[in-house]
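Please read it with the structure open.

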Amino acid sequence: MASSKDWHSDTKQVRAGLARTENRETSEALFLNSGYVYDSAEQAAAAFKGEVDNFIYSRYGNPTLQMAEERLATIEGAEACRVCSTGMAAIFASMACQLEAGDRVVASQALFGACHAILTKILPRWGIQTELIDGTDITAWQAALAKPAKLVFMESPSNPVLQLVDIAAVSALAHKAGAKVIVDNVFATPIHQSPLKLGADIVTYSTTKHLDGQGRLLGGAVLADKAFIEEVFQPFYRQTGASMSAFNAWVLVKSLKTLRLRIEAMSATAARIAEKLAEHKAIEAVLYPGHKTHPQHKLAKAQMSGFGSLIALKVKGGRAAAFTVLDSLNLIDISNNLGDAKSLACHPASTTHANLSDSERLALSISESHLRLSVGLEHYDDLWRDLCQALDKIVSD
Ligand SMILES: *Cc1c(COP(=O)(O)O)cnc(C)c1O
């Protein structure tokens with residue numbers, strides 16, 4: 001039988017990592033247990049010495065988590081994976097496991113709010129120097145990485161205005177500066193972008209988003225080579241308790257079976273909506289990496305194989321107009337979540353990015369006129385009809 005690494009992506013999504021018990025169940029089993037038993041005191045002692053390969057305690061190893069980890073690693077093309085309680089637990093642990101006082105971190109400033117807080121508020125308290133730059137500007141990366149650094153962190157495309165970072169070019173610069181590269185790949189998903197193939201060292205996900213894709217669970221994942229996961233990440237993860245619950249891992253392993261189908265359907269609908277939005281009278285600008293008007297469309301085509309389900313739209317008329325559009329939606333829900341089967345929209349400046357200062361928002365080009373739309377699995381016709389009637393409310397004729 002071919003190894004799971006040689007399977008087509010669809011086969012990996014359905015079968016990779018499956019570890020059946022002696023009961024020969026078809027579906028992945030849920031091991032809702034915290035501990036494991038030993039045949040003898042000697043076996044327990046050997047397990048703690050790492051001499052025998054068995055589960056010890058579910059904080060750092062559980063058969064259901066292992067199935068989710070192997071499946072996700074196979075899909076991503078990574079050697080190893082660990083799943084975490086949330087996306088933020090995954091991101092924080094992937095940084096904290098390797099940083100120490102005196103280290104320097106360089107990151108793109110276009111970040112998820114909580115990532116921004118880790119870099120600007122938490123790590124500096126521990127004597128770690130962090131520098132946030134304009135991630136779209138390669139000369140800014142060159143300048144920042146002319147000095148040694150330990151870590152480079154980026155999100156591409158970024159939340160909420162879909163800015164991209166040239167992952168291959170920045171990874172090359174980072175490696176010269178002695179830094180490892182972490183890419184938060186939530187918006188692209190493993191279906192549309194493979195940061196490890198572009199030169200990154202570590203990929204993180206909030207599995208809360210598209211990987212579950214049905215708005216049910218909180219979760220995160222860290223993917224990298226075996227040496228990093230086992231020698232650097234695992235000891236930190238084991239002692240600090242960032243692990244995913246077995247129930248959430250069981251839901252996740254099932255969600256992954258339909259990942260490509262869901263992502264491709266959502267992205268196809270998002271591309272059609274972006275195209276139509278760009279022509280609408282109420283719209284000042286549409287930001288979608290797959291649309292020809294995106295300032296980094298060429299880079300998007302070079303490093304992504306599809307463009308995802310998130311669209312940023314800038315309406316004419318500021319906050320009042322943006323709120324009118326949101327309040328007029330009948331089908332699409334107002335929510336700050338994303339990557340759900342249900343289409344969701346929000347006003348980032350007053351919600352997800354409200355904790356930034358005005359000047360920080362300005363630097364990220366997040367204005368009062370921006371809305372973020374996460375396109376779900378509903379039919380295009382129904383979504384477009386809903387958006388159109390809401391946008392028509394702010395067009396003065
Ligand atoms: C949601 C999100 C996170 C955080 O994930 P949680 O599961 O909410 O902890 C991190 N990065 C990006 C880009 C996200 O969208």
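**Pockets, ligand site and backbone**

Helix H3 makes the largest contribution to the lining of the largest pocket, with 6 residues. The model is a predicted one.

**Largest pocket**

- The volume of the largest pocket is about 940 Å³. Its lining is made up of 33 residues, and Gln66, Glu69, Glu70, Arg82 and Glu230 are the closest to the pocket centre.
- Four elements each supply at least two residues of this lining: H2, helix H3 (63–76), strand E1 (80–84) and helix H10 (226–240).
- By class, the lining of the largest pocket splits into 13 nonpolar, 10 polar and 10 charged residues.

**Second largest pocket**

- About 290 Å³ is the volume of the second largest pocket.
- This pocket has 22 lining residues, and those nearest its centre are Met88, Phe112, Asn159, Ser206 and Lys209.
- H4 and strand E6 (202–206) each give at least two residues to the lining of the second largest pocket. H4 gives the most, with 3 residues.
- The lining of the second largest pocket consists of 9 nonpolar, 10 polar and 3 charged residues.

**Ligand site**

- Which residues surround the ligand? They are Thr86, Gly87, Met88, Ile91, Phe112, Glu155, Asp184, Val186, Ser206, Thr208, Lys209 and Gly219.
- Helix H4 (residues 87–96) accounts for the largest share of this shell, with 3 residues.
- By class, the shell around the ligand holds 4 nonpolar, 5 polar and 3 charged residues.
- At Gly87, a backbone N or O atom lies 2.9 Å from an oxygen atom of the ligand.
- At Asp184, an N or O atom of the side chain is 2.7 Å from a nitrogen atom of the ligand.
- At Thr208, a polar side-chain atom lies 2.6 Å from an oxygen atom of the ligand. The protein buries 93% of the 380 Å² that the ligand exposes when taken alone.

**Enclosed space**

- Rolling a probe the size of a water molecule over the atoms shows where empty space is left.
- The largest cavity holds about 40 Å³ of space.
- Which residues line the largest cavity? The lining is formed by Leu313, Val325, Leu326, Leu329, Ala345, Leu371, Arg372, Leu373 and Leu387.
- Helix H14 (318–328) and strand E12 (370–374) each provide at least two residues of the cavity lining. E12 gives the most, with 3 residues.
- The residues lining the largest cavity comprise 8 nonpolar, no polar and 1 charged.

**Backbone geometry**

- Most residues other than glycine have a negative phi, and most peptide bonds are trans.
- The peptide bond between Ser156 and Pro157 is cis, with omega about -5°. Pro157 is placed in the loop between strand E4 (151–155) and helix H7 (167–176).
- A cis peptide bond also runs from Asn159 to Pro160, where omega is near 5°. Pro160 is placed in the loop between E4 and H7.
- What is the phi of Arg24? Phi of Arg24 is near 60°, which is a positive value in a residue other than glycine. Arg24 lies in the loop between helix H1 (9–15) and helix H2 (41–48).

**Points to check in the view**

Terms used
Residues are numbered from 1 along each chain as its sequence is written. This is a predicted model: local features need pLDDT of at least 70, side-chain atom pairs count only at pLDDT 80 or more; totals for chains, interfaces and linings use all residues. Side-chain values use heavy atoms; hydrogens and water are left out. On a 1 Å grid over the protein atoms alone, a cavity is a set of points where a 1.4 Å probe fits but cannot get out, and a pocket is an open set with protein on both sides within 12 Å along at least five of seven lines; lining residues have an atom within 4 Å of a point. Grid points are joined across faces, edges and corners, and a volume is the space filled by probe spheres set on the points. Ala, Val, Leu, Ile, Met, Phe, Trp, Tyr, Cys and Pro count as nonpolar, Asp, Glu, Lys and Arg as charged, and the others, Gly among them, as polar. A residue is near a molecule or strand if one of its heavy atoms lies within 4 Å of it. A polar contact is a pair of N or O atoms within 3.5 Å; within protein, one must be able to donate a hydrogen and the other to accept it, and residues adjacent in sequence count only if both atoms are side-chain atoms. Accessible areas come from the Shrake-Rupley method with a 1.4 Å probe; for residues, only the protein chains shown count as cover.
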